[in-house]
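User: Please take a close look at the salt bridges here, and at the strands around them. I would like one connected account, with the cut-offs stated.

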Amino acid sequence: MPVVVAVSKSDQHVFSKTQTPSITLIAGEGVEGDAHRGVTVKHRSRVKKNPQAPNLRQVHLVHNELLEGLRQQGFQVAPGVIGENITTQGLDLLSLPTGARLTIGEQVEVEITGLRNPCAQLDNYQKGLTAAVLDRDEQGELVRKAGVMAIVLTGGVIKEGDAIAVSLPPEPYLPLAPV
């Protein structure tokens, strides 16, 4: 069964987030005490483009399997280091369609809005990290592996060890795209 292996947050616009015993998600806003919490966009580059755009990046999730693979390649990464709020285990986040819902723990529900678009901040942290979270599929299309973004539908507390259940949207499924 998929589970949460770590939760992280930061009240500042910094690259990495600090692991904490639990985080509280607020419906329609994101992670309490996190700089990216809000109804409208909070990521600095997106605020410059349109400060009134809806915040489709309230919560960042990364699968721990990615971090394990990066460590095997020699990168120094741990949960929260590449900016995620929730680190999961046993769930292929990247294969989920847009609109998939995750029920986490007792009551929290988030809806997947799209992919994190890896940026130069990854290389600023460790040289080569951006390339390590990008790939190409059989058709030559870019594959982004740096996690998914979500909005909070039902708030509550999330902690390490919480179970994760997946609900898929009606077909036809829309593939994840960068948000």
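Analyst: **Salt bridges and their strands**

The side chains of Glu 111 and Arg 101 meet in a salt bridge, with 3.2 Å from N to O; the term requires a side-chain nitrogen of Lys or Arg within 4 Å of a carboxyl oxygen of Asp or Glu. This pair links distant parts of the chain, as Glu 111 is in strand β8 and Arg 101 in strand β7, 10 residues apart. The model is predicted, so local features need pLDDT of at least 70 and side-chain atom pairs count only at pLDDT 80 or more, while totals for chains, interfaces and linings use all residues. Residues are numbered from 1 along each chain as its sequence is written, and side-chain values use heavy atoms, leaving out hydrogens and water.

Strands are DSSP runs of E with at least two residues, and helices are runs of H or I with at least four, numbered from the N terminus. β7 (residues 101-104) and β8 (residues 108-115) run antiparallel and are joined by four bridges; two strands count as paired if DSSP finds at least two bridges between them. Within this pairing, Thr 103 has Glu 109 of β8 as its bridge partner. Arg 101 is partly exposed, at 34% relative accessible area; buried means under 20%, exposed over 50%, and partly exposed in between, using a 1.4 Å probe and protein chains only.

Both strands belong to an open sheet of eight strands with mixed pairing, in the order β2-β1-β6-β5-β11-β8-β7-β13. β2 (18-20) and β13 (164-167) stand at its edges with a single partner strand each, so one side of each has no neighbour in the sheet.

The structure holds four salt bridges. In another of them, Lys 17 pairs with Asp 34, their closest N and O atoms being 3.0 Å apart. Lys 17 lies in the loop between β1 (3-9) and β2, and Asp 34 in the loop between β4 and α1 (44-49), so this pair ties together parts 17 residues apart in sequence. Lys 17 and Asp 34 are both buried.

A further salt bridge joins Lys 159 to Asp 162, with 3.0 Å between the closest N and O atoms. Lys 159 is partly exposed at 43% relative accessibility, whereas Asp 162 is buried at 8%. Lys 159 falls in β12 (156-159), an edge strand that pairs on one side only, as does β4 (30-31). The sheet concerned is open, has three strands in the order β4-β3-β12, and is antiparallel in its pairing. β3 (residues 22-26) meets β12 over four bridges, and Ile 23 is partnered there with Ile 158.
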